[in-house]
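Open the model in your viewer and keep the selection tool at hand. The stops below say what to select and what is there.

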Amino acid sequence: MTWLHHGRGSGDGPWLDEALAAAWDDAARAAATVVDLEASLDVLLARTRQPSAPAGDAGGIEPDRLAAVLTQIDALLAAVTARTTPSQGPAHSVSAAGLFAAQRALVQLRSGLARRAMSKDAAVAAVERVRHALEQAARSLRALPAAPPAGREAAETADVADAISGWLGQLRGLQTDIARLFDDTGRAAGLPVPVR
Amino acid sequence: MPGWDGASAVPPEVVHSPSGAPKLEDVTFPADIGAFYKREMPRLIAFVATVCAGLDVHAAADVAQAAFERALPRWAGLRDPKAWLYRVARNEALARARAVRREFPADVLPERPGEASAALLAEMHDEERVVVGHLMSLPPGQRQVMAWTLAGFADADIADAMGVSVAAVRQGRYYARKSLARRLGSAGRRPR
């Protein structure tokens with residue numbers, strides 16, 4: 001007897017409980033088919049026995065993950081630095097203060113993480129400083145007097161604004177990755193072993 | 001040794017060692033951790049996939065494994081290991097979902113109503129697949145209440161985990177059940 005043959009239409013009686021319980025059991029059974037439970041348990045126990053770093057301690061950060069984050073920071077730093085070259089147009093001039101501040105915060109972030117001398121709170125604060133500086137630069141651009149739409153200055157303003165918008169997007173991903181560096185084991189979680 | 005029974009009404013809480021983190025030498029695995037893991041891991045995957053629509057079953061498995069990895073070293077200090085495990089998994093799943101939404105613009109990754117993992121559904125039986133499909137189409141709050149309920153938690157635990165009142169949990173479940181009964185009733189009346 002299944003829920004299809006129960007007193008359907010007679011309210012949410014026991015047949016609904018049965019249907020839900022059966023569906024939940026079946027979902028768990030289905031989930032068990034995509035993971036090799038024995039192998040995943042072995043991975044779990046092996047990783048739990050490894051020494052771990054205290055929460056928020058950069059000393060326990062996994063080198064590969066740190067390298068990936070540093071690569072992201074380097075790319076962002078290079079892009080921001082390229083826009084801080086003097087003698088460009090008015091859009092670059094008005095956004096320069098914000099871009100320099102962002103550059104400085106990125107350098108501090110990179111240096112602190114690379115030396116493993118930065119706590120999670122300090123890293124998060126540095127990322128916030130970068131974000132604040134970029135948003136300040138974006139606000140400065142918006143405050144520029146409107147230039148003729150087809151002119152060079154308008155194109156330059158749009159170009160810098162697009163770049164800042166892209167960096168802010170990258171920063172969100174970077175922030176997530178940095179937070180994950182500092183989980184409470186200081187290590188990436190061991191992945192379950194798929195069946196196939 | 002804490003019990004395995006997740007229906008306990010005791011709120012989950014971590015009891016830290018004096019240094020604030022469990023010491024490696026203090027880590028002792030419960031004798032039946034293997035049995036618990038094999039029983040609970042698939043259920044935790046199903047729970048994560050239900051709570052966080054949009055995570056496929058493999059991502060849900062990653063989340064579940066990460067939750068186990070965080071729970072195991074502090075197991076002896078947990079008043080209710082199962083509740084702690086599920087809360088960690090739920091928080092991690094929601095954090096991942098938020099990260100995905102941040103990384104992709106809304107027009108690339110539009111907000112979708114709950115959608116069960118295709119890989120999970122593919123492994124399920126026909127009738128149960130229909131039930132899970134309807135479960136996943138519930139509004140997020142109702143879906144979460146049902147997931148916690150099906151995972152065996154008491155209303156007080158669910159309210160605590162979701163940050164809502166017990167009355168809100170009961171109301172959410174009432175409407176969820178009503179909606180499911182209506183949808184499944186309609187499905188049941190269809191000619192087979």
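**First stop: a helix in chain A**

Select helix α3 of chain A, residues 63–82: at 1.5 Å a residue, its 20 residues should span 28 Å, and the end C-alpha atoms are 28 Å apart, which agrees. The expected span is 1.5 Å times one less than the number of residues. Helices here are DSSP runs of H or I with at least four residues, and strands are runs of E with at least two, numbered from the N terminus.

This is a predicted model, in which local features need pLDDT of at least 70 and side-chain atom pairs count only at pLDDT 80 or more, while totals for chains, interfaces and linings use all residues. Residues are numbered from 1 along each chain as its sequence is written, and chains are lettered from A and ligands numbered from 1 in the order in which they are written.

Now colour A:Val69, A:Ile73, A:Leu76 and A:Val80, which are buried in α3(A) (20 or more other C-beta atoms within 10 Å of a residue's own; exposed means 12 or fewer, partly exposed in between, with C-beta atoms placed from the backbone). On the other side of α3(A), exposed residues include A:Pro63, A:Asp64 and A:Thr71.

Next, show α4 (90–114) and α6 (152–181) of chain A, which are among what covers the buried residues of α3(A).

**Second stop: the whole of chain A**

Chain A has six helices and zero strands. Of its 196 residues, 33% are buried.

Methods
Two residues are in contact if their C-beta atoms, placed from the backbone, lie within 7 Å.
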